[in-house]
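Subject: A structure for you to look at

Hi,

Here is the structure I promised to pass on. Please open it next to this email and follow along as you read.

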Amino acid sequence: MLLLRAFALFVLTALAEVIGCYLPYLWLREGRSALLLLPAAVSLAVFAWLLTLHPTGAARTYAAYGGVYIAVALVWLWLVEGERPTAWDVVGALVAMTGMAIIVLGPRR
């Protein structure tokens with residue numbers, strides 16, 4: 001149950017980061033309203049707060065989080081941006097998730 005909670009927290013953290021970065025992207029690259037920067041700032045603040053909820057040290061959390069972030073970003077690419085990930089994208093995400101699993105499940109002293 002603890003592992004499932006940690007994974008869900010990683011997914012929420014990744015969503016907050018993706019949203020916080022995607023909204024300024026829309027402003028800068030797509031010419032959307034600068035008002036998007038307000039929810040982006042809130043989303044990035046939530047992202048930083050969510051990182052503090054993880055039970056391990058910051059560096060290990062960031063390292064493990066990276067694998068989940070990659071997978072969430074590819075799902076975002078597909079569902080929000082309408083671009084289907086390639087087989088190479090999926091393989092890369094699986095490699096990253098494998099690395100994340102090694103970091104999270106590895107023995108500790």
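Predicted model: local features only at pLDDT ≥ 70, side-chain atom pairs only at ≥ 80, totals over all residues.

A helix here is a DSSP run of H or I with at least four residues, and helices are numbered from the N terminus.

Is it buried or exposed? Buried means under 20% relative accessible area, and serine 43 has 10% relative accessibility, so it counts as buried. Leaving aside residues up to four places away in sequence, serine 43 touches Ala16, Ile19 and Gly20.

Now the whole chain. It has four helices and zero strands, giving the pattern α-α-α-α along the sequence. The C-alpha trace spans about 50 × 35 × 20 Å along its principal axes. Of the 109 residues, 29% count as buried. If you take the contacts between residues at least 6 apart in sequence, 69% of them join residues at least 24 apart.

Next, look at how two of the helices meet. Two packed helices are described by the angle between their axes and the distance between the axes. For α1 (residues 2–30) and α3 (residues 58–79), the angle is about 65° and the axes are 8 Å apart. Their crossing is right-handed. On the α1 side, the residues in contact include Phe7, Phe10, Val11 and Tyr22, while among those of α3 are Tyr65, Val68, Tyr69 and Trp76. The residues of this contact divide into 15 nonpolar, two polar and one charged.

Which residues of α4 are buried? They are Ala93, Ala96 and Met100. Seen down the axis of α4, the buried residues fall within an arc of 65°, so they line one face of the helix. An α-helix has 3.6 residues a turn, so residues three or four places apart point the same way. What covers the buried residues of α4 includes α1 and α3. On the other side of α4, exposed residues include Trp88, Leu94 and Ile102.

Finally, find threonine 56 in the loop between α2 and α3. Threonine 56 has a relative accessible area of 39%, so it is partly exposed. Threonine 56 and alanine 41 are 15 residues apart in sequence and 25 Å apart in space, C-alpha to C-alpha.

Enjoy exploring!

Best wishes

Terms used:
Residues numbered from 1 in each chain as written. Heavy atoms only, no water. Axes fitted to C-alpha atoms, helices over the stretch in contact; angles between N-to-C directions. Helix = DSSP H or I, 4+ residues; strand = E, 2+ residues; numbered from the N terminus. Left-handed = near helix turned anticlockwise from the far one by under 90°. Contact = heavy atoms within 4.5 Å. Nonpolar A, V, L, I, M, F, W, Y, C, P; charged D, E, K, R; others polar. Buried < 20%, exposed > 50% of the residue type's maximum accessible area, 1.4 Å probe, protein only. Arc of directions from axis to C-beta.
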